[in-house]
Amino acid sequence: MSKLKGSAQSVQDKLSAMGLPNLVIELPDSTRTAEEAANTIGCELSQIAKSIIFRRKEANLPLLVVASGVNRVNEKRIGHLLNEKLGKADADFVREHTGFVIGGVPPITHKDPIVTIIDEVLMQVEVIWAAAGHPQAVFQLTPMELVEMTNGTVARIT
């Protein structure tokens, strides 16, 4: 197996350190958007797990919402769930708190632990694909592996 790009290799190293068999793969085309990822991987859009970072306004901390590729996040619903207002996270905020660039943020291996909400729609598919640290890197996992890896809360996000 050839060496992965630095940020993708760090995700693979973390998966291996966690004793997980999941493999990071680098693809020839971009997976920056859910549509690009589904087309490049050859899977359904609903199987793409989008990692979206929001800024929790009062705490000024990140929130990770892992959404199905078919859904848009309803920020008010998530804010109500957390009893906190959410704001947009700019590229600097995302990189500062996760260590990754937008378009390659994985659901795991962030600089610091991040509160995570997982789209209930992802629980309806057998296999999902998540970003792996680089806009051309992904890894395959099951919805239950996602919940276990992130210690996330499954909720309705739309």
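A polar contact is a pair of N or O atoms within 3.5 Å; within protein, one must be able to donate a hydrogen and the other to accept it. Q9 and L4 supply such a pair: a polar atom of the Q9 side chain lies 3.3 Å from the backbone nitrogen of L4. The model is predicted. Its protein chain has a mean pLDDT of 93.

**Confidence**
- In the protein chain, 99% of residues reach a pLDDT of 70 or more.
- Among the elements of the chain, strand 5 (residues 115-119) has the highest mean pLDDT, at 98.
- Helix 2 (residues 34-41) has the lowest, at 91.

**Annotated domain**
- An unreviewed UniProt entry carries the annotation "domain: YbaK/aminoacyl-tRNA synthetase-associated" for residues 30-147.
- Over residues 30-147, the chain is 25% helix and 29% strand.
- The end C-alpha atoms of residues 30-147 are 26 Å apart.

**Q9 in helix 1**
- Q9 sits in helix 1, which spans residues 6-17.
- Q9 counts as buried because its relative accessibility is 14%, and the cut-off for buried is under 20%.
- Leaving out residues up to four places away in sequence, Q9 touches K3 and L4.
- The L4 contact includes the 3.3 Å approach of the L4 backbone nitrogen to a polar atom of the Q9 side chain.

**Strand 7 and its partners**
- Strand 7 covers residues 137-141, and four of its five residues are buried.
- Strand 1 (residues 24-26) runs antiparallel to strand 7, and three bridges join them.
- Strands 6 and 7 form a hairpin with five residues between the strands.
- G133 in this hairpin takes a positive phi near 95°.

- Most residues other than glycine have a negative phi.
- T109 is not a glycine, yet has a positive phi of about 65°.
- T109 lies in the loop between helix 4 (91-98) and strand 5.
- N151, also a residue other than glycine, has a positive phi near 55°.
- N151 is found in the loop between helix 5 (143-150) and strand 8 (153-155).
- N151 counts as exposed because its relative accessible area is 69%, and the cut-off for exposed is over 50%.

Technical notes. Residues are numbered from 1 along each chain as its sequence is written. This is a predicted model: local features need pLDDT of at least 70, side-chain atom pairs count only at pLDDT 80 or more; totals for chains, interfaces and linings use all residues. Side-chain values use heavy atoms; hydrogens and water are left out. Buried means under 20% relative accessible area, exposed over 50%, partly exposed in between (1.4 Å probe, protein chains only). Helices (H or I, at least four residues) and strands (E, at least two) are DSSP runs, numbered from the N terminus. Two strands pair if DSSP finds at least two bridges between them. UniProt positions are given in the numbering used here, feature names are shortened, and annotations may be inferred rather than shown by experiment. Contact means heavy atoms within 4.5 Å. pLDDT is the predictor's confidence in each residue, from 0 to 100.
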